[in-house]
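Biologist: I would like to learn how to read a protein model feature by feature. Can we take one case at a time?

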Protein chains: 2
Amino acid sequence: MSFVTATYLVPGGLDLHKKAEGIALGLTVGSWTDLPALEQAQLKKHKGEVIATNDGTPKATITIRYPAVNFTPDIPAILTTIFGKLSLDGEIKLVDIAFDDALAKQFPGPQFGVDGIRELIGVHDRPLVMSIFKGMIGKGLDEFETQLDAQARGGVDLVKDDEILFDNPLTPFEERVKRGKHILDKVEQETGRRVLYAVNLSGRTFELRDKARKAVKLGASALLFNVFAYGLDTLQALAEDPEINVPIMAHPAVSGALTASPDYGIANSVLLGKLLRIAGADLVLFPSPYGSVALPKEETDAIALALTEPTVHRAAYPVPSAGIHPGLVPHLVRDFGEISVINAGGGIHGHPDGSAAGATAFRQAVDAVLDDTSLEDAALQKAELAAAIKLWGHPL
Amino acid sequence: MSFVTATYLVPGGLDLHKKAEGIALGLTVGSWTDLPALEQAQLKKHKGEVIATNDGTPKATITIRYPAVNFTPDIPAILTTIFGKLSLDGEIKLVDIAFDDALAKQFPGPQFGVDGIRELIGVHDRPLVMSIFKGMIGKGLDEFETQLDAQARGGVDLVKDDEILFDNPLTPFEERVKRGKHILDKVEQETGRRVLYAVNLSGRTFELRDKARKAVKLGASALLFNVFAYGLDTLQALAEDPEINVPIMAHPAVSGALTASPDYGIANSVLLGKLLRIAGADLVLFPSPYGSVALPKEETDAIALALTEPTVHRAAYPVPSAGIHPGLVPHLVRDFGEISVINAGGGIHGHPDGSAAGATAFRQAVDAVLDDTSLEDAALQKAELAAAIKLWGHPL
């Protein structure tokens, strides 16, 4: 028998066991104690079970196990079972889920994951550095090429589209893919470094698979996907497709609508962690604890753990993001270790000497941290890092 | 020029105009005042505009207009623009959206809507009555047929699957469709009443369209869809498909994760109201203000208004649900009028004389209310209604 186990945060001081029993029955067989013995025997394998209740103040938790025989092995059926009507039933937050291995194996997990991406890029011993195009709305392909070239030459490992850049006549999707490939091939020939460009896969759901296949044929090296504007199952379908054989980067756009409340919705570690990994995200962006848009450190730790702890699936790359500058690199490496991608937009393009220098400053900061050199000491030798620290500081 | 206008609820007492400007620029052109005049001229039509700010305590609102030229006319691109990274940016709730008519017309809206469903069912002058299968998990096709027959003969206009009933070997999807059609055809021959059965369309996203087309070919008369376990754009694709020419009923499963917090997420009137209507839901289920799972009356009023107010799209049926029994019918009709569907599960199957009597009691309650007869008076003549009121009461 396979199961999904779900843990919920609810207000303390309720009749917790009664509430838990009500959920376990209401989301499975409906009723139990009034049923004739014959019907109980027939329904036993379908019945939800209360696994644990932990009362507390102000919050309590309830853990319920749902038999997988009740649903098809897809995320929409599982979400509907464990947090469908229940999401509407007063103050309740889904804070943990667990799949047994047999059930988990019915999901793809990351196609590439950490090891596969390291292989693609040829970097195995340090956090990766990623940058984001800046202010591309209303700009054309020249600006696209200039920005991509500068970021790649400056030393980043990955470049991604801004998530709000959609198909548009100024920088059409296929042109971005083709010109991106051309530039990154040239950078590789000249520097030996392979840089990936994640193009924003957008548009209508039922066209995404063909569009992604076409992009891969045209030379796309990675895909950015606003999974929460679509659905986790759509991500899974892209990840499972053998023709879409490039890493998929999940953007957290819209996810805050589900995760931000302490009392309602779904925990970040579940939504951005466990569910994105099971569905097949190779890289997962989320706000770091340090930038302009920030998450509490215990939440980012929990996301990173969910993405990288040993399971039946490959590990996915945690990508702490938003308001990152080189002075934050020691904090990010301390928190997320080598298995992480440091992602910056303004912290690269806002560098006093331009985007290439901004990218270089990040790589210098990463090297310093891995060498156990302080950023101040490294900055004595490295002009780009020195300029970055002068501008943005270096919080201790 | 087309626009989407979005209104956000944020904490009061901030520098509201500065915050609003930051959003309007951050989600469009990125920066403005520092740009050279030439670049400003080039980017003007892409720039977000602050339309209004209303300070207040404890909450303030910000209204921003986003040029449609920045996104493709699909819900994922629009959601990512107006509430993508912004959903992660502290205490903020998306409380209203508006599309101008030119943009709205690029979305299908309901294929049938209120008038189309009235036509299908042949009822034009009263609220419709719907019932839900009860406890089907672990049960077989005999139980399915028995329940459907009883509900339909009892007098309901629509019957729906429970949203947690997925494809399963005991009651396979196609068998439910075929046997459902057979039973409802028979009921129509014998009673002259056309009853619709909404089968739960579930499974993998990219298979849904073919599965729905097949279901329609096999005689499905309506579809139930857990849209928030998938994505609004998937609903839209189903609604737009000419072969899927049956009403689509949107279930609110999982939506509470987005709507329940007063401070974060998306308002019910936006998610269950405006967006479901634009995407093409013909019927929208939501908790009534009165049952076991309840929403505040101002929220259900706002959902119903968003579904039925005059726009470029057909009106969708509001379906107040959850814990409904015949004694609540006067309240529901007072709140939602004739353009509504009264939906019950336990309030039909829990009737002392069985499901058929439970359905009959609802129809009697509706008739009484439309006749301006009190339920007490009607119950003197109607045994089924009398038994229901004796059991569940009749709140004044």
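Modeller: Start with burial. A residue is buried if its relative accessible area is under 20%, exposed if over 50%, and partly exposed in between. Keep in mind that this is a predicted model.

Biologist: Are Tyr8(B) and Phe83(B) buried or exposed?

Modeller: Tyr8(B) and Phe83(B) are buried.

Biologist: How is a pair of aromatic rings described?

Modeller: A pair of aromatic rings is described by two quantities, the distance of the centres and the angle of the planes. For Tyr8(B) and Phe83(B), the ring centres are 6.2 Å apart and the planes are at 25°, so this pair is stacked. It joins distant parts of the chain: Tyr8(B) sits in strand β1 (residues 3-11) of chain B, Phe83(B) in helix α3 (residues 75-83) of chain B, 75 residues apart.

Biologist: How many aromatic pairs does a search of the whole structure find?

Modeller: The search gives 15 aromatic pairs over all chains. One of them, Phe99(A) with Phe107(A), is edge-to-face, at 5.6 Å centre to centre and 70° between the planes.

Biologist: Which residues form one aromatic cluster?

Modeller: Phe133(A), Phe144(A) and Tyr197(A) do. Take Tyr197(A) as the way in. It is placed in strand β7 (residues 196-201) of chain A. Tyr197(A) is buried, with a relative accessible area of 3%. Beyond four places in sequence, Tyr197(A) touches residues including Phe133(A), Phe144(A), Val159(A), Asp161(A) and Arg176(A).

Biologist: Now sheets. How do strands of a sheet pair?

Modeller: They pair through backbone hydrogen bonds, either parallel or antiparallel. Chain A has an open sheet of 5 strands with mixed pairing, in the order β2-β3-β1-β4-β10. Its edge strands are β2 (49-54) and β10 (265-266) of chain A, each of which pairs on one side only.

Biologist: In which sense do β1 and β4 of chain A pair, and over how many bridges?

Modeller: Strand β1 (residues 3-11) and strand β4 (residues 93-99) of chain A are antiparallel, over 6 bridges. As one example, Ala6(A) has Ile97(A) in β4(A) as its bridge partner. Then look at the helices. Helix α1 (residues 16-26) of chain A packs on the sheet, touching β1, β2 and β3 (59-67) of chain A. The direction of α1 makes about 30° with that of β3(A). Helix α12 (residues 268-279) of chain A also packs on the sheet, touching β4 and β10 of chain A. The direction of α12 makes about 30° with that of β4(A).

Biologist: Why is helix α10 (residues 232-240) of chain A called largely enclosed?

Modeller: Count its buried residues. In α10, 8 of the 9 residues are buried, so the rest of the structure largely encloses this helix. Among the buried ones are Leu232(A), Asp233(A), Thr234(A) and Gln236(A).

Biologist: How do I read record annotations against the model?

Modeller: Take the annotated residue, then check its place, accessibility and contacts. The unreviewed UniProt entry lists nine of them under "binding site": Lys134(A), Lys160(A), Asp161(A), Asp162(A), Glu163(A), His251(A), Gly323(A), Gly345(A) and Gly346(A). Lys134(A) lies in the loop between β5 (128-132) and α6 (141-154) of chain A. It is partly exposed, at 42% relative accessible area. Leaving out residues up to four places away in sequence, Lys134(A) touches Gln147(A) and His349(A). Lys160(A) is found in strand β6 (residues 158-160) of chain A. At 1% relative accessibility, Lys160(A) is buried. Its contacts beyond four places in sequence include Phe133(A), Met249(A), His251(A) and Asn343(A).

Biologist: Which residue does the "active site" annotation cover?

Modeller: Lys85(A), according to the unreviewed UniProt entry. Lys85(A) lies in the loop between α3 (75-83) and β4 of chain A. It is partly exposed, at 31% relative accessibility. Contacts of Lys85(A) include Asp162(B), Glu163(B) and Ala253(B).

Biologist: What rotation superposes chain A on chain B?

Modeller: A rotation of 180°, with 0.0 Å of shift along its axis and an RMSD of 0.0 Å. The two copies are therefore related as by a two-fold rotation axis. Of the interface residues of chain A, 100% are also interface residues in chain B, so the copies meet through the same surface.

Key:
Residues are numbered from 1 along each chain as its sequence is written. Chains are lettered from A and ligands numbered from 1 in the order in which they are written. This is a predicted model: local features need pLDDT of at least 70, side-chain atom pairs count only at pLDDT 80 or more; totals for chains, interfaces and linings use all residues. Side-chain values use heavy atoms; hydrogens and water are left out. UniProt positions are given in the numbering used here, feature names are shortened, and annotations may be inferred rather than shown by experiment. Helices (H or I, at least four residues) and strands (E, at least two) are DSSP runs, numbered from the N terminus. Buried means under 20% relative accessible area, exposed over 50%, partly exposed in between (1.4 Å probe, protein chains only). Contact means heavy atoms within 4.5 Å. Copies are superposed by least squares on the C-alpha atoms of residues with pLDDT of at least 70 in both. Two strands pair if DSSP finds at least two bridges between them. Axes are lines fitted to C-alpha atoms, for helices over the stretch in contact, and angles run from 0 to 180 degrees between N-to-C directions. Rings of Phe, Tyr and Trp (its six-membered ring) pair if their centres lie within 6.5 Å; planes under 30 degrees apart count as stacked, over 60 as edge-to-face and the rest as tilted.
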